[in-house]
Amino acid sequence: MQVWRSPPDQPAWARPLLLLVTALAALAYSWHVGSTIEIYYAAGVRSMAQNWHNFVYGAFDPAGTVTVDKLPGALWVQALSVRLFGFHVWSIMLPRRWRAR
């Protein structure tokens with residue numbers, strides 16, 4: 001089965017057009033993905049991803065003595081994403097893009 005071909009009961013242009021619109025939407029959606037990142041919270045997420053103590057308490061610094069000004073649960077999903085995928089803008093922004101607005 002070829003992904004870019006439409007099923008027999010649909011017009012031949014339907015699937016390629018759908019894939020084109022999907023690709024354009026993904027490009028437009030991710031164009032400025034790193035422009036809205038807060039450096040302060042990104043540092044906190046990185047610290048929380050490195051150590052379970054920091055994760056539970058929302059610690060900003062690697063020593064676990066200073067916490068961020070939010071509840072720790074607000075950054076847990078992002079910290080788990082960084083722990084899973086590594087520290088990168090995309091791994092921080094991915095959970096923020098998927099949550100309900």
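Modeller: Before we start, one cut-off is needed: a residue is called buried under 20% relative accessible area, exposed over 50%, and partly exposed in between. Please keep in mind as well that this is a predicted model.

Biologist: Is valine 89 buried, exposed or partly exposed?
Modeller: Valine 89 is found in helix 5. Its relative accessibility is 31%, and since buried means under 20% and exposed means over 50%, valine 89 counts as partly exposed.

Biologist: How far apart in space are valine 89 and alanine 42, C-alpha to C-alpha?
Modeller: In sequence, valine 89 and alanine 42 are 47 residues apart. In space, taken from C-alpha to C-alpha, the separation of valine 89 and alanine 42 is 8.6 Å.

Biologist: At roughly what angle do the axes of helix 2 and helix 4 cross?
Modeller: Helix 2 passes helix 4 in a right-handed crossing. The axes of these two helices come within 8 Å, and the angle at which they cross is roughly 65 degrees.

Biologist: Which residues make that contact, and how many of them are nonpolar?
Modeller: Helix 2 contributes Tyr41, Val45, Met48, Ala49 and Gln50, while helix 4 contributes Leu75, Trp76, Gln78, Ala79, Val82 and Arg83. Sorted by class, the contact of helix 2 with helix 4 has 2 polar residues and 1 charged residue, and the number of nonpolar residues is 8.

Biologist: Why does alanine 49 count as buried, and which residues is it in contact with, leaving aside its neighbours within four places in sequence?
Modeller: Alanine 49 has its place in helix 2, and it counts as buried because its relative accessibility is 9%, where the cut-off for buried is under 20%. Leaving aside neighbours within four places in sequence, the residues in contact with alanine 49 are Ala79, Val82 and Arg83.

Biologist: How far is alanine 49 from glutamine 78, between C-alpha atoms?
Modeller: Glutamine 78 has its place in helix 4, and along the chain alanine 49 and glutamine 78 are 29 residues apart. The separation of their C-alpha atoms is 8.5 Å.

Biologist: Is glutamine 78 itself buried or exposed?
Modeller: Leaving aside neighbours within four places in sequence, glutamine 78 is in contact with Val45, Ser91, Ile92, Pro95 and Arg96. Its relative accessibility is 8%, and glutamine 78 therefore counts as buried.

Biologist: What is the volume of the largest pocket, and which helix supplies the largest share of its lining?
Modeller: The volume of the largest pocket is about 160 Å³. Of the 12 residues that line this pocket, the closest to its centre are Tyr41, Lys70, Leu75, Gln78 and Arg96. Helix 2 (39-50), helix 4 (73-85) and helix 5 (89-98) each supply at least two residues of the lining, and the largest share, 3 residues, comes from helix 4.

Biologist: How many charged residues does the lining of the largest pocket have?
Modeller: By class, the lining of the largest pocket has 6 nonpolar residues and 2 polar residues. The number of charged residues in that lining is 4.

Biologist: Where does lysine 70 lie, and how far is its C-alpha atom from that of tryptophan 13?
Modeller: Lysine 70 lies in the loop between helix 3 and helix 4, and at 40% relative accessibility it counts as partly exposed. Lysine 70 and tryptophan 13 are 57 residues apart along the chain, and the separation of their C-alpha atoms is 49 Å.

Conventions. Residues numbered from 1 in each chain as written. Predicted model: local features only at pLDDT ≥ 70, side-chain atom pairs only at ≥ 80, totals over all residues. Heavy atoms only, no water. 1 Å grid on protein atoms, 1.4 Å probe; cavity = no way out; pocket = protein on both sides within 12 Å on 5 of 7 lines; lining within 4 Å. Points joined across faces, edges and corners; volume = space filled by probe spheres on them. Helix = DSSP H or I, 4+ residues; strand = E, 2+ residues; numbered from the N terminus. Nonpolar A, V, L, I, M, F, W, Y, C, P; charged D, E, K, R; others polar. Axes fitted to C-alpha atoms, helices over the stretch in contact; angles between N-to-C directions. Left-handed = near helix turned anticlockwise from the far one by under 90°. Contact = heavy atoms within 4.5 Å. Buried < 20%, exposed > 50% of the residue type's maximum accessible area, 1.4 Å probe, protein only.
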